[in-house]
2 protein chains.
Amino acid sequence: MNTAPLIAEIAGLVGEPARASMLTALLDGRALTAGELAYAARVTPPTASMHLAKLAEARLIAPLKTGRHRYFRLASPRVAQMLEGIMAVAIDERPRYRPLSPLARELRSARVCYDHLAGRLSVALADCLARRGYVLLDEEGAEVTPNGAQFLAGFGIDLFTVGTRRRRFCRSCLDWTERRPHIGGAVGAALASRCFELGWTERKRDSRAVMVTAAGRKGFLETFGVALDEPSAAGPAQRVIGSSAAR
Amino acid sequence: MNTAPLIAEIAGLVGEPARASMLTALLDGRALTAGELAYAARVTPPTASMHLAKLAEARLIAPLKTGRHRYFRLASPRVAQMLEGIMAVAIDERPRYRPLSPLARELRSARVCYDHLAGRLSVALADCLARRGYVLLDEEGAEVTPNGAQFLAGFGIDLFTVGTRRRRFCRSCLDWTERRPHIGGAVGAALASRCFELGWTERKRDSRAVMVTAAGRKGFLETFGVALDEPSAAGPAQRVIGSSAAR
DNA sequence: CGAAAACTTCCACCGCCGCGGAAGCGTTCG
DNA sequence: CGAACGCTTCCGCGGCGGTGGAAGTTTTCG
């Protein structure tokens with residue numbers, strides 16, 4: 001009945017730097033060992049163990065014991081969405097980030113957000129789909145149009161197998177670097193999955209960053225009209241996204 | 001670049017029982033005075049003042065000074081959505097509430113959630129709209145169909161004035177008592193607003209609870225086919241929602 | 001103009017919790 | 001079978017921060 005203690009309990013768990021670091025590290029959807037999470041949070045194994053026990057107790061993360069390792073992953077997409085929601089508030093009305101570290105550039109360019117793509121790449125894809133009338137998108141929600149369903153089918157995504165009960169739904173997810181909505185939910189997850197399947201994108205080790213392969217650069221341009229500048233030399237492209245577009 | 005500290009800062013602010021109580025008290029969208037919030041959080045004015053200063057500093061709440069009172073309201077709908085998201089995680093995989101206090105019954109029956117309706121009433125409305133094909137609804141999102149837009153226009157809601165840029169979007173909001181999605185976002189806000197305008201619902205003083213008037217009981221039945229049992233005697237209705245439907 | 005009300009600032013108290021070292025337990029190797 | 005590894009439990013330390021009392025500031029009312 002009284003909801004405040006429930007909210008305080010969850011938020012209190014997240015509101016601790018070490019635990020927040022662990023949850024953030026798990027935001028890419030992968031399962032990490034207790035040791036890796038301890039390293040990510042910059043604490044010793046005993047401290048990490050205590051934090052992990054608390055997070056697991058509250059069902060924010062799910063343990064997965066394998067041999068002498070203990071893996072942890074986010075308990076559910078809902079937890080990832082909650083973290084997104086907190087992040088959306090955190091970046092609201094806040095001065096823009098001034099420095100751009102090399103690692104931050106990578107993350108800003110393309111990364112994974114639990115199960116879907118985020119960063120410039122994802123926003124560009126969302127823009128393309130919206131421009132062509134394949135999805136309707138704003139900060140409140142997103143919807144795949146009939147034309148969009150056909151287009152996605154051609155790309156290898158069957159919307160009827162994505163959502164078990166309903167079709168056509170995707171979730172609008174506020175990108176915390178671009179501050180603009182992109183496509184999440186089941187459709188976003190399927191889109192990301194298909195990109196990895198096609199070899200267009202590859203996960204970077206121990207990071208949420210995503211690298212676009214040469215095939216991906218070609219594919220994103222031909223299929224979505226999205227041009228990404230290469231790290232070395234940026235060719236003359238129609239719509240260049242990347243570090244050179246930063247202001 | 002490193003997002004964990006940002007998340008931890010916001011979550012840490014929310015993760016304090018007194019502050020969580022204040023934010024929860026503001027979840028009905030109204031502005032409350034510092035004294036009222038102190039009472040809601042069960043702390044003395046000095047303590048409340050400190051908490052409010054921190055929440056305002058982080059832009060979670062917005063101060064509104066009027067005479068010798070200082071009013072506070074949630075800074076933005078985004079904050080309300082964040083709290084919803086935390087609540088959705090908090091009630092996830094948790095044993096059902098066993099006791100049902102009289103006040104909890106009222107809240108469960110009908111209440112406001114920032115700017116839209118929540119509780120049994122809202123879920124029943126959402127069910128009606130979904131059953132008639134006026135909206136498509138699941139946990140990821142919601143969409144108003146053309147038929148739905150026409151129906152809502154007849155009810156006095158012009159979707160083109162609701163959303164400034166886009167139309168047809170509403171947000172799916174997980175109800176924390178019913179554990180089912182209902183209609184939020186701009187459409188949900190307009191729906192709630194129209195119910196109050198018609199005199200179908202009335203806010204209870206100093207509570208998020210909403211009372212359905214006699215006119216409302218008639219209107220909800222005729223327009224939406226939703227029958228609400230009266231507090232005193234429940235008549236034979238087609239679809240009874242309320243305490244008697246609890247199991 | 002003086003008193004009351006609403007809120008804030010200052011201050012000292014203290015309890016909670018994050019922390020790491022040491023030791024214990026289970027697993028996986030050579 | 002013993003040693004190394006990964007993780008947990010136990011323990012005492014230390015500090016951050018929530019707390020209310022007292023006093024100060026601003027506004028309203030008689």
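Q: What is the mean pLDDT of chain A?

A: This is a predicted model. The mean pLDDT of chain A is 86. Of its residues, 85% reach 70 or more.

Q: Where in chain A is confidence lowest, and where is it highest?

A: Strand β13 (residues 240-241) of chain A is lowest, at a mean of 47. The highest value belongs to α4(A), at 98. Over residues 232-247 of chain A the pLDDT is below 50. Beyond near neighbours in sequence, that stretch has 23 contacts in the model.

Q: What rotation superposes chain A on chain B?

A: Two copies of a chain are related by a rotation about an axis and a shift along it. Here the rotation is 180°, with 0.0 Å of shift along its axis, and the RMSD is 0.0 Å. That is the relation of a two-fold axis. In chain A, the C-alpha nearest the axis belongs to Ala11(A), 2.4 Å from it.

Q: How many residues of chain A are in contact with chain B?

A: On chain A, 52 residues are in contact with 52 residues of chain B. Several elements of chain A each supply at least two residues to this side, among them α1 (4-14), α6 (102-109) and α10 (185-197). The most comes from α5(A), with 11 residues. By class, this side of chain A has 29 nonpolar, 11 polar and 12 charged residues.

Q: Why do the copies meet through the same surface?

A: Compare the two lists of interface residues. 100% of the interface residues of chain A are also interface residues in chain B, so the copies meet through the same surface.

Q: Which residues come nearest to DNA strand D?

A: There are 21 residues around DNA strand D. Nearest are Thr33(A), Gly35(A), Pro46(A), Ser49(A) and Gly67(B). The largest share of this surface, 6 residues, comes from α4(A). Chain B takes part too: its α4 (45-57) supplies at least two residues. The whole surface divides into 10 nonpolar, 7 polar and 4 charged residues.

Q: How many Å should helix α7 of chain B span?

A: Count 1.5 Å a residue. The 12 residues of α7 (residues 120-131) of chain B should then span 16 Å, and the end C-alpha atoms are 16 Å apart, which agrees.

Q: Which residues of α7(B) are buried?

A: An α-helix has 3.6 residues a turn, so residues three or four places apart point the same way. The buried residues of α7(B) include Leu121(B), Leu125(B) and Leu129(B). Arg120(B), Ser122(B), Val123(B), Ala124(B) and Ala126(B) are buried as well. After α7(B) comes Gly133(B), with a positive phi near 80°.

Notes:
Residues numbered from 1 in each chain as written. Chains lettered and ligands numbered in written order. Predicted model: local features only at pLDDT ≥ 70, side-chain atom pairs only at ≥ 80, totals over all residues. Helix = DSSP H or I, 4+ residues; strand = E, 2+ residues; numbered from the N terminus. Expected span 1.5 Å × (residues − 1). Buried ≥ 20, exposed ≤ 12 C-beta atoms within 10 Å, placed from the backbone. Contact = placed C-beta atoms within 7 Å. Nonpolar A, V, L, I, M, F, W, Y, C, P; charged D, E, K, R; others polar. Near = placed C-beta within 6 Å. Least-squares fit on C-alpha atoms with pLDDT ≥ 70 in both. pLDDT = per-residue confidence, 0-100.
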